[in-house]
Amino acid sequence: MSNTILTRALVLLIALSMATTAFAGVLPDAGEVFVLTVLVLSGLKSFVILSDYLGLRQAPTFRGGFTAFLVGFLGLAALLYALPFAM
Amino acid sequence: MTDQTSVLDELPGDLMIWVLIVSELLVFGAGLLAFLGMRAMDPAGFAADQAALNRVAGAANTIVLVTSGYCAARAVNAFDHSLRAMRLWLAAAMGFGIVFLVVKWYEYAEKARHGIGIETSDFFTFYYLLTGFHALHVVAGLIIFALLMRWGTHRNLEAGAAFWHMVDLVWVLLFPIIYLVH
Amino acid sequence: MKYQTQKIAYWYFLAAMAVFAVQVLGGLWAGWIYVSPNFLSELMPFNIVRMLHTNALIVWLLLGFFGAAYFLVPEEAEREMHSPMLAYIQLGILLLGTAGAVVTYTFDLFHGNWLLGMEGREFIEQPVWVKVGIVVAALIFLYNVSLTVLKGRKTAITNVLLLGLWGLALLFLFAFYNPANLSLDKMFWWYIVHLWVEGTWELVMASILAFLLLKLTGVDREIIEKWLYIIVATALFSGILGTGHHYYWIGLPSYWQWIGSIFSTLEVIPFFAMMSFSFVMVWKGKRDHPNKAALLWALGAATVAFFGAGVWGFLHTLHGVNYYTHGTQITAAHGHLAFFGAYVSVNLAIITYAMPILRGRDPYNQVLNMASFWLMTGGMSFMTFVLTFAGTVQTHMQRVLGENFMEIQEGVHLFFIMRWVSGLAVVIGAILFIYAQLVPRREIIEPTDQYESEGA
C-alpha cells in the first residue's frame, strides 16, 4: 500500500477508536444501542486493517470473503449478546 | 495453470501467512463467541466481573497497536529505498508493541493484587485465555521484528508485518467484546 | 524400480502386512469377547487381547511408514539410500522387539521388573528394553534417511516426511518419563499418543499422499507442494493445542476445556484439506495411471480419514458433549474409523502402489485388491455406525439416566454381534488384500472392451 493510503488508514483507525472511547464515556451503562454501535465501529476498524494494512484492497475476492466473515462474526456476537433478553 | 491458482496469486504476500491469519481468526473468533455464549447464561455475573477491567487501558492499547501497525507497514514500504528508514520504522513498531505489553502487564498486575486469577470465574478464564493468547502473539511479533532488523528481505518483512496486522486485527475485535459488551 | 535400495521397502511392507494380519485377527478375537465375555478368558484375558490388537496396529503402521520412507526417499532425493545394511538391522531390531513384547504380554513374564516387565501404560505397555530398542531403531532410521536426503535432492515431500518422522521419534522419548502423579502421567502420555496421531503422523500421511498423487495423477509438483504446505500448517496449528481435548477430566486446570474444544474443532480442517486435495488432484490429473487400485486406496484414505478422524472426532470433542460421551463406545467408533481411514488406508495405498514396482510386475487392474478395499471400507464403516448407535444408547442410559454399566452392556448386545460380523468382513478383506499383493502372477480378470472404453 502507498504511504498516503497507510496514513489515511491510521487517521481513520485512531478516529474510530476515539469514537469508541467517547461513546463508552457518554453511554457507560446503556445496553443494545451502545453494544451495536461499538460492534459496528470494531467492524469498521477491522475492515480498514484488512484493506489497507494487510493490502486486501488489491484482492477484492478475498476482501469480500473476509468482510463476509466479519459481518457473520459480529452478527453472531450481537445475537449472543441479545440472547439473555429473549430468555 | 488454472483459475484456482490465479485466485490465490491475487493475495498480497506469502500464501502461508494467510493460512495462519485465517486460522488465528477462526480460533479467536470461536473463543470470543464462546465467551459471549457463556455470558448469555450469566449476564449479571459477567457484567460484575467486567466492571473490574480497566477500560481506559484497553482503549489506549487499541490506539497504541494500530499506530504500531502503521509503523510496520511503513517499514515494508521503506525497505526498497532505505535500509535505515526500514529499521527506524520497525524500531518504532517494536516500541509501540512494548508499550502495549507494559500496559497489559500493568492490567494483569492490578488484577493479581485483587486476588483475581484465571480460575476466579468463567469471565476471567476467558479474559486471561483470550488476552493472554493475544499478548503471546505480541511477544512473538516482537521477536520476529527483532530478527527482521538483521535478516529482513522484502518477502520476510511483508510476512512479518502481515502477522503484526493480524495481531492488530484480533485486538480490534477482542477489545470491545471483552471490555465493553455488557 | 529406479533405485536398487528401494527394495528395502519390500521387506518392511512384508513385515507390516504380517503384523496387520495378526492385528485384525486379534481384533476379531477381542470383538468376540464382547459377544461372549468368557471366551477363552483363562487363556487370554480381554486386556491382553486388546493390548495385542492396539500394539500390533501401531507396530505395523510404523513398519509401513518406514517402508514408505525407504520407497519414496530414494526416488525423491534421486539417489540410493545411504546404507541398506542399517535399514535391515533396523528391521531386525523392530521385529525382535515386537516378538519380545508379544511374548511378555501373553505370559506376563518378569511381572514388575523395571527392565523386562510390561509397563502397563495404555499403548506404551512395552517393557523398557523394547522401548530402548525402538529408540535405537528410530535413531538408525533417522540417521539413514536424513543423510540420504541431505546428500540428495530436497523436496517438500521429503521435508514434510522427515519433519513428521523426527517429531514422532522425539515425542516417543516421553515414554521413558512416568511421573507418579496420575494427572501428570496422563498429561505426558498424551504428548505421545495425541501428538503422534493428531500431529506428526498426519504429516507423514500428507507426505505419502502427496507422493502418491504426484505419481498417479501427474499434476505439477508445484501445485502438490502448495497443498502439502497448507495441510501441514493447519495440522500443526490445530493439532498441538488440540491436545487440550484430552485434558478435560484428568485433573488439569479447567481452562483446557476451552483451549481443547476450540483447537480440536479446527483439527477437522487438515483432514478436509487432504480430502479436497486428493479429489482436486485426480480431477486435474492428466495421467491415466494403470494402478487404479492405488488411486482407489489413496482417495479412500483421504475420504475415510475425513469422516473417521474429522467428523467422528468432532462429534465428541466439545467438552460439553464429551462430559457425557467420554469413554463410551462412541470413542471406539471414532478410533476404528479414524485409524482405518487415515493410517491403515494410506499404508495400504503406498503398499498397493509400490508392490508391483518392487516385485517387477505389471500392476494389472488389481480387481482383487479393489474388492478388498470395498470389503474393508464397507466393514469398517458398518462397524462405525453400529458402535455409534451402541455408544449413543450407552451414553443416554448410563450417563443421563444413571443405569448400571453391566446391564447396559447386555442391552447393546445385538450391536456387539453386528460389530463382530462387520469385523469379520474387515478380516476377510485384509486377508484378500495380502493375497492380492503376494500371490497372483497374471491378470485374474481381463478387462473387457466395455471397461476399457469407460476407463479411458
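This is a predicted model: local features need pLDDT of at least 70, side-chain atom pairs count only at pLDDT 80 or more; totals for chains, interfaces and linings use all residues.
**Figure 1. Residues 126–149 of chain B form a span that is 100% helix and 0% strand.** Residues are numbered from 1 along each chain as its sequence is written, chains are lettered from A and ligands numbered from 1 in the order in which they are written, and side-chain values use heavy atoms, with hydrogens and water left out. The unreviewed UniProt entry gives "transmembrane region" for residues 15–36, 88–106, 126–149 and 161–181 of chain B (positions follow the numbering used here, feature names are shortened, and annotations may be inferred rather than shown by experiment). Take a look at residues 88–106 of chain B too: they are 100% helix and 0% strand, with end C-alpha atoms 27 Å apart.

**Figure 2. Chain B holds seven helices and zero strands.** Starting at the N terminus, its elements read α-α-α-α-α-α-α. Along the principal axes, the C-alpha atoms of chain B fill a box of roughly 55 × 40 × 20 Å. Of the 182 residues in chain B, 58% are buried (buried is under 20% relative accessible area, exposed is over 50% and partly exposed is in between, with a 1.4 Å probe and protein chains only). Among contacts in chain B with a separation of 6 or more, 78% join residues 24 or more positions apart (a contact means heavy atoms within 4.5 Å).

Figure 3. F46(B) belongs to helix α3 (residues 43–50) of chain B and F123(B) to helix α6 (residues 122–151) of chain B, so the pair ties together parts 77 residues apart in sequence. Both F46(B) and F123(B) are buried.

**Figure 4. In chain C, the rings of W29(C) and F39(C) have planes at 75 degrees and centres 6.3 Å apart, so this pair too is edge-to-face.** W29(C) sits in helix α1 (residues 8–35) of chain C, while F39(C) is in the loop between α1 and α2 (46–77) of chain C, so the pair ties together parts that are 10 residues apart in sequence. W29(C) is partly exposed, with a relative accessible area of 26%, and F39(C) is also partly exposed, at 31% relative accessibility.

**Figure 5. I178(B), Y70(C), W196(C) and W201(C) have the most contacts inside the largest nonpolar core, which has 232 residues.** (A nonpolar core is a set of buried Ala, Val, Leu, Ile, Met, Phe, Trp, Tyr and Cys residues joined through side-chain atoms within 4.5 Å.) Helix α6 (residues 182–217) of chain C brings the largest share of this core, 22 residues. Leaving out residues up to four places away in sequence, I178(B) touches L32(B), F35(B), Q50(B), L53(B), F123(B), Y127(B) and L130(B). A second, separate core has nine residues, including A30(C), I48(C), M51(C) and Y105(C).

**Figure 6. L53(B) lies in the loop between α3 and α4 (55–79) of chain B.** L53(B) is buried, at 6% relative accessibility. Residues up to four places away in sequence aside, L53(B) touches K111(B), F123(B), F124(B), Y127(B), I178(B) and Y179(B). E24(B) is 29 residues from L53(B) along the chain, and the C-alpha atoms of the two are separated by 24 Å.

**Figure 7. For chain A, the unreviewed UniProt entry lists "transmembrane region" at residues 34–54 and 66–86.** Residues 34–54 of chain A are 95% helix and 0% strand, with end C-alpha atoms 29 Å apart. Residues 66–86 of chain A are 100% helix and 0% strand, and their end C-alpha atoms lie 30 Å apart. Two pairs of chains are in contact, and chains A and B share the most contacts. Chains A and C do not touch, and their nearest C-alpha atoms are 15 Å apart.

Terms used: Helices (H or I, at least four residues) and strands (E, at least two) are DSSP runs, numbered from the N terminus. Rings of Phe, Tyr and Trp (its six-membered ring) pair if their centres lie within 6.5 Å; planes under 30 degrees apart count as stacked, over 60 as edge-to-face and the rest as tilted.
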